[in-house]
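Open the model in your viewer and follow along. Each stop says what to select and what is there.

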Amino acid sequence: MSYALGLPRGFNYLRASSIDEALKLLSEYGGEAKVLAGGMSLMPMLKLRMMEVKYLIDILSLNELRYVKIDGNYLRIGALTTHNDVAMNRLVNERAKVLSESAWHIADVQVRNIGTIGGSLAHADPAANYYPALIALDAEVVIRGVGTERVVKVAEFYKGPYTTDLGPSELITEVRIPVSSFNGVYEFFRRGGASFPSAIVTVTYQEKEGVITSSRISIGAVYPEPVLIKDNLAGMSTKEVGAKAVDIANSIFSSIEAKPLEDTHALGDYKIRVARNMLIKALANIASGTLSKPKTPVREVISEWKPAEDKLEYVGNLVRVRVNVNGQWIEDLVEPRLLLVDFLRRHGFREVRRGCDEGKCGACTVLFDGKAVKSCMIPVARASGHYITTIRGLSKGVELHPIQRAFIEEFAMQCGYCTHGFMMVTYDYLTNIDPAADDEVLKLSIKNICRCTGYVNIIKAIKRASKYLSGANP
Amino acid sequence: MSKLPHYREGLRAVTGSGEYIDDIPTPPGTLYMAIYRSPYAHARILKIDLTGVLEHGGIAYGPGELSKVIPNPFPLAVDAPIKYYPFARDKVRFVGEPIAVVLSDDPYRAVDLLDYVQVDFEPLKPVVSIDDALKGDVLVHDELKSNIAMYRHMKFGPVDSVFSESPVVVKREFYYQKHNAMPLETYGVLAHYVGGELNVWANVQGPLLIAYFVSRALGLPTSSLRLFTPRDIGGSFGSKYSLYPYIVLAAAASILSGRPVKWIESRTEHLVGSNSGGARKGVVEIASTKDGIIKGLKFRFYEDVGAYPRPPDPGVLFRVHGNMNGAYDVKAIEVEDYVILTNKLPTGLNRAYGGPPFYFMLEVAVNELARELGIDPLELRIKNLIRDFPKKLGDEYFYETITGGLYPKQDYERVVRAIEPEYRRWLEERRKNPNIGVGVVVLVEPSGTNLGYTDLAIEPSRRKYPHSGAGTYVTVSIDMSGYIRVFVNGTNEGLGHETTLAEVVAAELGVDPSIVIVENRVDTTRTWALSDGSYSSRFAPIVISAAILASRQLRERLTRLAMAMLGTDKVGYENGQFYDVNNPSRRVDIRRIASSVNWDPGSLPEGVDSSLSVTVFYQPPTVKAAEGDRINSSATYAIQAHLAVIELDPDTYDIRVRKYVIAHDSGRVFKREFVDGQLMGGLMHGLALTLYEELMYDDQGNPLTTSLDIYESPTLAEAVGMEVEFIHFETPAKFLVSEAHGVGEGAMMGVPAAIVNALASIIGKAVTDLPLRPYKIMRAIEG
Ligand SMILES: Cc1cc2nc3c(=O)[nH]c(=O)nc-3n(C[C@H](O)[C@H](O)[C@H](O)COP(=O)(O)OP(=O)(O)OC[C@H]3O[C@@H](n4cnc5c(N)ncnc54)[C@H](O)[C@@H]3O)c2cc1C
Ligand code: FES
Ligand code: FES
């Protein structure tokens with residue numbers, strides 16, 4: 001048996017430059033191919049050798065699938081829109097706050113920078129953040145095959161843990177949410193350093209003159225399938241909802257027959273209890289009108305994924321890659337499965353380090369076209385034609401970058417193994433997410449692991465760096 | 001721009017220039033090793049077929065080949081007929097136990113080749129829990145005839161009469177989980193056997209006994225082993241001590257293949273196959289008067305060491321032997337220790353070795369005594385604190401514990417009272433918000449291990465030799481340009497040793513730290529001692545002491561050389577310069593002396609020792625071998641008090657730490673930032689084990705915790721918003737040259753009980769089964 005994990009088995013890597021090309025490749029290779037969107041679910045499975053694929057079809061640079069817009073009666077979100085964009089986009093925040101909130105709770109900056117909403121739905125993790133939010137929003141998925149297009153309600157799209165309605169050669173192209181005015185509450189509980197939640201409760205409702213006209217309660221991560229309860233609040237005043245919260249919650253949970261999921265983080269009876277308490281809290285909040293959540297930053301533009309300039313060239317089983325690291329192009333002939341972290345280390349960028357097999361710890365974080373990603377989650381072929389930056393690309397010769405300075409001034413390291421990854425994610429976080437380093441946003445964004453420092457000094461260093469970058473003198 | 005702080009390791013970290021094991025350049029022809037590991041917790045190996053690996057272009061060695069070059073089992077600390085090898089011979093005893101190794105010139109391909117290893121097993125019923133093991137119907141080691149690798153029963157003082165006469169006896173049962181301190185960098189080895197010499201680079205935490213274990217298993221003389229560590233190690237916390245079986249495997253692969261062999265462990269392997277602290281069941285009884293004066297303690301411990309009693313275990317039971325009375329004046333102690341074998345990952349050093357389970361049980365029991373008697377838990381502790389230190393050794397006074405420990409004199413009450421204002425303030429808060437909990441802990445932190453405590457695993461009459469290893473070598477030299485060079489055969493896991501040593505040595509020699517160069521890494525081609533390495537917070541009490549002594553001796557030599565060069569018998573010294581006291585304008589500096597000694601030693605008068613290198617071996621004066629079952633298990637002990645303020649979420653039953661205060665007296669603080677760093681790191685390790693981390697197994701002995709995510713390791717997010725405060729006292733520990741106690745482990749020792757006690761203040765009972773998963777709290781509340 002092998003516990004030597006973290007390195008995927010071999011695969012062939014192909015790039016699609018249009019939706020049609022992706023669909024064509026998918027139908028050509030049948031069950032032997034999978035599309036690679038963000039790779040934040042697919043790569044861990046490949047690296048943990050839980051699955052094998054013969055062909056990976058990279059669709060990340062299909063920028064035509066990155067958008068958020070209102071069109072007709074729908075808020076439309078392209079399938080490749082990243083979690084960070086879902087979280088921060090102004091339209092999503094205005095029209096579907098619960099969806100933005102659900103995205104803020106996904107993993108960390110690095111995963112949200114590249115992971116996509118379409119990928120999350122296709123992967124169908126029973127604890128995925130989006131499902132309860134999208135089901136409560138009555139959202140639909142748009143699915144395309146070669147010459148076909150169909151629309152399925154998210155609630156029906158999900159067929160069970162890791163199974164969906166998606167055919168082997170179909171693509172999700174869009175998620176759309178009916179535009180209507182509703183209020184919503186998103187309650188989320190995650191335990192310790194676990195990534196995925198133990199329970200999610202989403203409630204959306206519409207009201208007219210203080211009386212609820214329709215409601216959707218969706219419970220996720222508790223049962224093998226997200227549970228939807230429709231309109232059981234209808235006819236009640238919001239005050240009544242608060243007064244009857246315990247009864248409403250008890251009757252909902254006693255009517256659910258499904259067996260709860262059990263995992264190492266939480267036992268079934270506990271999950272149900274917590275979800276019930278969260279629902280009671282959500283209902284109480286509806287009654288008291290305290291729906292507001294921590295203020296998270298908002299932005300207008302959707303990030304693009306720069307299409308690679310060159311075509312991939314195969315030499316036998318090897319692929320030729322050209323990666324710009326800290327301003328210098330590096331060329332090599334590699335196995336398509338070679339991970340960016342190993343490529344960088346082999347070429348002397350030893351500051352990039354590996355700390356886990358699963359894409360969690362963040363020690364391997366680098367900037368990819370200016371955004372933080374975990375280099376252990378990216379086949380180097382994907383980085384071909386792109387720009388990678390390590391700390392040596394940020395500092396100018398011997399002069400330290402303000403982030404380096406802040407880290408050393410706060411004694412924010414002990415063994416130093418995590419330091420590079422922390423500095424790189426701090427850079428992206430302070431530059432692109434939250435220059436002020438607000439506690440609530442920080443908590444949702446940087447989740448790298450350090451085993452030595454107890455984090456206290458790293459937090460201080462991030463705050464100090466925030467001051468330096470906003471103009472304070474070191 | 002302001003000047004950067006002096007922090008050498010920090011500068012390496014921010015510039016990405018640290019050198020870790022995976023950064024060591026590989027010699028040409030290096031092969032990468034992958035390990036085929038047992039998928040069963042307990043099974044007989046029927047047949048191994050490695051031909052598939054060879055057919056696919058790889059190299060593979062199974063138990064047959066490995067046995068040829070690994071003739072000897074590792075020595076054990078227990079007196080039991082068990083053989084521990086780095087690979088399974090005919091039976092596998094835990095999931096993840098190595099069976100065969102495969103080699104390839106590419107690390108990815110080495111892992112692929114594992115698919116072609118074919119092994120037939122006959123699965124056996126596994127022994128998973130301590131209770132299973134005690135039943136004894138299935139045996140982990142048939143030769144032992146039970147699953148108890150050691151039983152010791154020791155009594156100190158009038159235990160029976162104290163317990164029969166005391167009006168109050170409080171008894172509690174506890175469970176402390178199996179967990180691993182989990183350094184971010186995994187294990188790594190580069191082994192090259194060539195020309196009759198075995199060269200090993202590995203991220204071990206010292207030469208320690210590792211050099212001895214490795215050469216003995218391979219049947220090589222220690223003289224042929226050249227063991228090196230890289231300059232930086234990505235954390236260890238004890239974990240990397242247990243790298244030695246893997247060093248042996250990589251070395252064997254190099255011997256068999258004739259090539260250099262490199263192995264970097266995966267995270268999953270680290271979780272299933274490296275090392276952990278043991279699970280422990282414990283029963284604690286406290287005999288007390290009605291007003292809370294503790295008269296006697298009884299401990300019964302069942303320590304689950306996994307599949308093999310791997311040395312230094314069962315040392316985990318004896319590391320605290322000298323301080324089993326905690327900070328209290330208790331003269332009657334009974335202890336019963338069982339070492340239990342199960343089909344799980346073997347154990348070993350883990351940060352605060354032995355301290356967290358011990359103080360968790362003692363300090364929750366003490367708290368329960370206070371709750372039962374209705375006495376304020378802080379007051380009850382203060383009542384019982386040690387106040388008299390009557391034993392005189394040299395010029396210092398000590399309290400001699402009934403089990404043999406020597407606590408140096410400190411004002412315990414002053415330190416404990418330091419947390420009182422915050423304690424009272426938060427008790428007030430608690431009145432307003434019943435979800436706030438307040439817990440306290442008082443402990444003495446041992447530091448500077450006496451390796452001799454492992455002898456307690458053996459009945460006194462059966463011990464062959466006395467042991468008291470604790471000392472360290474430090475070399476301080478001056479090179480031809482006047483740079484001071486310090487060498488320690490230790491390791492850098494991030495404790496700031498280079499920076500601190502540079503400052504300490506510079507201060508002793510009166511020079512600027514910038515001219516002091518420190519090398520702190522294992523190199524067995526240079527002077528080293530069996531007890532050299534980084535463990536048991538021995539840096540401040542022992543290594544710094546040796547460095548100071550060496551610096552002083554070197555300064556003595558420099559003085560004599562200066563006298564000779566200045567032709568006077570009275571010299572003064574300031575800022576790196578010696579001067580003639582009778583004519584202060586006549587001066588010579590260290591550089592000048594160094595230069596003369598190197599360029600023109602012929603001009604020095606005869607009889608003056610002109611060596612500018614001093615090597616000192618420092619053994620702390622308090623460390624001696626065991627006498628019967630009494631031993632001073634650590635060089636020193638220091639008082640520490642903790643205050644934990646938590647908030648319970650009534651919806652999720654999860655706990656959040658609002659504030660954590662530690663007051664301590666560490667003798668002398670050399671660099672405040674590093675002391676704080678140790679406290680913060682230890683605190684987080686303590687919280688991680690108390691709230692989240694456990695190596696879990698199913699009832700077939702399959703590891704469930706195979707990723708960091710499942711392990712629930714706290715990330716930065718879990719620390720945002722937590723307030724910490726440290727209150728430092730400095731009572732010089734005069735019996736040590738450095739006057740300093742260690743500080744790396746006390747924080748972690750106290751956290752579990754502090755949190756459990758804080759929770760008890762909310763829910764009215766102590767949850768004594770770690771970690772505190774919310775479902776346990778839910779059940780404790782809801783019944
Ligand atoms: C450390 C870590 C923590 C995480 N924590 C969370 C969490 O808390 N909550 C949460 O919800 N998620 C979490 N995730 C998962 C993350 O949200 C993933 O990004 C997401 O599940 C998959 O999106 P992706 O774009 O990365 O898809 P990929 O990994 O590229 O693909 C996943 C699957 O979907 C298929 N696929 C992808 N896009 C399409 C498409 N457009 N059409 C059809 N099929 C497609 C792929 O072929 C593949 O089978 C975490 C991931 C990591 C690494
Ligand atoms: S090594 Fe990439 S996230 Fe851990
Ligand atoms: S400093 Fe060691 S892991 Fe962060």
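Predicted model: local features only at pLDDT ≥ 70, side-chain atom pairs only at ≥ 80, totals over all residues.

A salt bridge is a side-chain nitrogen of Lys or Arg within 4 Å of a carboxyl oxygen of Asp or Glu. Select B:Asp22 and A:Arg345, one such bridge, with closest N and O atoms 3.0 Å apart.

Now show polar contacts across the interface. There are 48 residue pairs, both partners at pLDDT 80 or more. A polar contact is a pair of N or O atoms within 3.5 Å; within protein, one must be able to donate a hydrogen and the other to accept it, and residues adjacent in sequence count only if both atoms are side-chain atoms.

Next, select helix 18 (672-692) of chain B. Helix 18 gives ten residues, the largest share of the chain B side that touches chain A. Helices (H or I, at least four residues) are DSSP runs, numbered from the N terminus. Color that side by class: 45 nonpolar, 22 polar and 22 charged residues.

Chain B contributes 89 residues and chain A 80 residues. Pick out B:Tyr108, B:Leu184 and B:Leu716: in chain B they lose the most area to chain A, together 12% of what that side buries.

Last, color by pLDDT, the predictor's confidence in each residue, from 0 to 100. Chain B averages 97, and 100% of its residues score at least 70.

Residues are numbered from 1 along each chain as its sequence is written, and chains are lettered from A in the order in which they are written. Side-chain values use heavy atoms, leaving out hydrogens and water, and local features need pLDDT of at least 70, side-chain atom pairs 80 or more, while totals for chains, interfaces and linings use all residues.

Notes: Contact = heavy atoms within 4.5 Å. Buried area = accessible area lost by both parts, 1.4 Å probe. Helix = DSSP H or I, 4+ residues; strand = E, 2+ residues; numbered from the N terminus. Nonpolar A, V, L, I, M, F, W, Y, C, P; charged D, E, K, R; others polar.
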